[in-house]
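Thank you all for coming; I would like to walk you through one model this morning, and I ask you to keep the sequence and the structure in view as I talk.

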Amino acid sequence: MSTLLPIAGRREVARAARRLIAADRRPVIGMLAVTSLAALAGLGGPWLLGRVIDTVAAGGGVADVDRLALAVLLCAVAQTWLSRYALAAAYRFGERTAARIRETFLRRILDLPAAVVERVPAGDLAARGSTDVDTIANALRELMPPIFVGVMQMLFLIAAVVLLDPLLGILGVIGFSGIWFVTRWYLRRARDAYLLEGEATSRLADELAATTEGARTIEAFGLHERRFAAGHAALAETRRTRLATLALRSVFFPLAETSYAVPAVLVLVLGGLLHIDGRVSVGTVAAAVLYLRQLVGPLDSILIFIEQLQAGNASFARVEGISAVGAAPTTETRRPADERIEVRGVRYAYDQGRDVLHDVELTVRPGERLAVVGLSGAGKSTLGRLIAGVDRPTAGSVTVGGVPIADLPPDELRRHVVLVTQEHHVFRETLRGNLMVAAPDGELREALRTVGADWADDLDRDLGENPLDGAQAQQLALARVVLADPHTVILDEATALLDPTAARTAERALAAVLHSRTVIAIAHRLQTAHDADRVAVMDDGRIIELGTHDELVAAGGPYAALWNSWHGGDSVGVRR
Ligand SMILES: Nc1ncnc2c1ncn2[C@@H]1O[C@H](COP(=O)(O)OP(=O)(O)OP(=O)(O)O)[C@@H](O)[C@H]1O
């Protein structure tokens with residue numbers, strides 16, 4: 001299985017979170033202000049109730065108690081009203097931030113070099129773009145707002161208890177320290193546990209995607225049992241990791257809930273003793289206990305948040321991890337001096353594996369037709385991808401006009417080299433959009449005419465609703481090449497998947513596209529090599545012969561042997 005994408009470290013995650021808050025600075029300040037006012041209004045109730053108790057104990061009249069009760073009511077109304085605004089502001093912040101994360105994720109994916117996207121497991125990318133982004137959005141939308149309000153309330157409540165009576169306040173805070181230890185124990189374990197859970201989910205998604213995509217192969221080779229076993233193993237791993245996070249939660253929550261009662265009990269006992277000593281009033285003790293009991297609500301939300309935050313945090317680390325993958329270079333690159341392609345001392349290995357190209361040297365002259373032949377696995381397609389700038393060589397250089405091809409920005413690159421393969425994606429949008437170039441309709445139509453796409457009269461045709469057949473999709477791909485107008489076209493099995501009639505149509509279109517361009521054809525038919533200006537013969541990652549067809553036949557080497565055995569049949573493949 002291919003390696004999963006990287007995961008961002010704690011520091012990068014913290015930096016990214018700060019960036020998101022900074023992006024919304026003014027609303028965040030407004031949110032802080034309204035929340036503080038709401039928390040302040042919340043402090044009035046317990047304090048006034050304490051005063052009610054003291055007033056009654058001191059033999060105060062009904063009118064005094066009524067006034068205090070009215071003040072309690074006003075405080076409650078103000079708190080409710082302000083909390084509503086504070087929550088609404090926090091919800092809006094959560095929604096905006098979730099949208100920002102989605103946009104950034106999408107932009108980063110689109111910025112990734114095609115070669116990277118091809119090689120990362122589709123399931124991992126899909127899980128990060130769906131499950132992880134949803135987990136973060138959910139945390140921001142559903143949990144952040146009440147928690148934010150909760151934290152503010154907590155800070156104000158603690159300050160209020162300390163102001164009321166410093167000794168009782170300190171005792172209350174000490175009483176809550178048990179929760180701190182429990183939470184620390186949990187946090188130390190939770191991030192890794194949730195990361196493992198996320199990774200197992202990615203692998204499961206990957207296994208399922210591989211099984212779905214390879215359904216025909218599985219059927220043809222009777223691989224059901226093997227795929228079932230792979231799926232079962234991935235499922236078992238997912239279950240194991242989920243049970244591990246569940247076990248953490250099962251310890252954390254009961255312990256945390258029990259700890260809530262401790263501060264109130266401590267304050268009641270010590271407050272009672274102090275009152276007997278005549279050092280505090282009953283009202284003050286009652287107000288302090290009420291404050292501490294009020295702390296439970298926000299604290300409870302915060303603990304739930306911390307728990308959910310672990311899942312959100314792990315998801316955020318996975319989403320942020322994408323930024324660590326080498327994005328396409330954006331720095332200024334020199335412009336190629338001409339269209340000469342030079343391959344110098346090139347070695348290449350896929351994913352740190354063994355070298356599949358060894359010290360390849362090749363010069364492709366502008367305007368020439370070069371055929372590359374060789375047995376299957378000789379490295380022809382790999383060389384084609386390097387010359388097209390899809391991959392970078394592990395060592396050596398591949399340049400056009402003296403500039404490394406893989407360094408060229410995409411727009412510049414496609415003016416120089418385009419790789420045409422049998423894979424061409426048709427997007428679910430209009431024909432015009434699918435041509436991927438902002439050009440006048442006349443130019444688009446001309447390109448379609450050049451490749452013989454006589455079916456393409458309606459540029460607004462929705463290709464999602466009215467899909468193209470194989471030959472039409474091929475013509476669309478070739479029209480894109482005409483519009484990109486590259487100097488060099490690399491053909492790799494461009495017509496291999498088409499039926500004979502469609503292939504003939506496509507080849508006619510191809511001839512029109514290739515006219516007056518440099519062509520590097522990865523040739524599976526020796527006739528292509530015969531018609532080319534030069535032929536490069538590859539074997540085991542090396543160019544072992546290079547010359548014209550006649551020269552190579554005369555030389556009596558490997559090409560001559562191939563030619564002599566196959567030239568009788570035009571459509572005979574070069575493959576082993
Ligand atoms: N994506 C990949 N990951 C790992 N190894 C690869 C990958 N693509 C090709 N290879 C390996 O690189 C070597 C060269 O493959 P390449 O496809 O370039 O050969 P080729 O001559 O084009 O063969 P074919 O005619 O069958 O397409 C082979 O050993 C192949 O197994």
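Predicted model: local features only at pLDDT ≥ 70, side-chain atom pairs only at ≥ 80, totals over all residues.

How far apart do the end C-alpha atoms of residues 68-87 lie, and what percentage of the span is helix? They lie 28 Å apart, and the span is 100% helix and 0% strand, where helices (H or I, at least four residues) and strands (E, at least two) are DSSP runs, numbered from the N terminus. Residues are numbered from 1 along each chain as its sequence is written.

The unreviewed UniProt entry places the feature "transmembrane region" at residues 28-48, 68-87, 147-164, 170-187 and 251-274; these positions follow the numbering used here, with feature names shortened, and such annotations may be inferred rather than shown by experiment. For residues 147-164, the end C-alpha atoms lie 25 Å apart, and that span is also 100% helix and 0% strand.

Turning to the strands, β1 (residues 341-349) and β2 (residues 355-364) pair in the antiparallel sense over 6 bridges, pairing being counted if DSSP finds at least two bridges between two strands. Ile-341 has Val-364 in β2 as its bridge partner, and Tyr-348 stands opposite Leu-357 in β2. The two strands form a hairpin with 5 residues between them, and in the turn Asp-351 has a positive phi of about 45°.
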